[in-house]
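Hi everyone, thanks for coming. Please have a look at the sequence and the structure, and then I'll walk you through a few things.

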Amino acid sequence: MPGMGDMAPPSGTMQNHDMMMHMTFFWGRSAEILFSGWPGSSDKRPYMYFVALLFVFVLSILVEWLSHCRLIKPGSNHVAAGLVQTLLHALRVGLAYLVMLAIMSFNGGVFLVAVAGHALGFLFFGSRVFKRTQNPAKTSDLPPASC
């Protein structure tokens, strides 16, 4: 008699031991986001899914903040400014990749909070809504992110 492991997985999923990996968007709290076993079973710790959503939301806002922040003062040493700029770029790219990998969990909630975090971050740090000056000369220390 064939076991459960011998059955073909449902369309749009891949079977990996006892874990099912979705290849299409799905809704639900039972998802693995970024790390193996995280946020864990929604039966044992239902609040961890919301902690994971909050984490992705904050990461998305941080990516937007790094994309629009001005941390290097004019007249700074070019070498030091270049090193800080490089570190900021590496941090922004690393955080953006974490958000991308979280979205690759194919969980609809993760996708929505990532988009909402980017939108809110842009509203606060990139749009003209909260800008005090209208000087469009230089808006951040980093060049625009490109895909």
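**Phenylalanines, patch and core**

Let's start with F130, which is partly exposed at 48% relative accessibility; that label covers what lies between buried, under 20% relative accessible area, and exposed, over 50%, with a 1.4 Å probe and protein chains only. Before I go on: this is a predicted model, where local features need pLDDT of at least 70, side-chain atom pairs count only at pLDDT 80 or more, and totals for chains, interfaces and linings use all residues. Residues are numbered from 1 along each chain as its sequence is written, and side-chain values use heavy atoms, with hydrogens and water left out.

How many aromatic pairs are there? The count comes to 3, where rings of Phe, Tyr and Trp (its six-membered ring) pair if their centres lie within 6.5 Å, and planes under 30 degrees apart are stacked, over 60 edge-to-face, and the rest tilted. One of them is F124 with F125, edge-to-face at 6.3 Å centre to centre and 65 degrees between the planes. F124 also pairs with F130, this time tilted, at 5.3 Å and 50 degrees. Together, F124, F125 and F130 make one aromatic cluster. F124 is partly exposed at 40% relative accessible area, and F125 is partly exposed at 27%.

In the model, residues 47–67 are 100% helix and 0% strand, with end C-alpha atoms 31 Å apart. Residues 110–130 are 76% helix and 0% strand, and there the end C-alpha atoms are 27 Å apart. Helices here are DSSP runs of H or I, at least four residues, and strands are runs of E, at least two, numbered from the N terminus.

Finally, the inside. Which residues touch the most other members of the largest nonpolar core? Of its 20 residues, they are I33, V56 and V110; such a core is a set of buried Ala, Val, Leu, Ile, Met, Phe, Trp, Tyr and Cys residues joined through side-chain atoms within 4.5 Å. Two or more residues each come from α1, α2 (78–103) and α3 (108–125), and α1 gives the most, with 8 residues.
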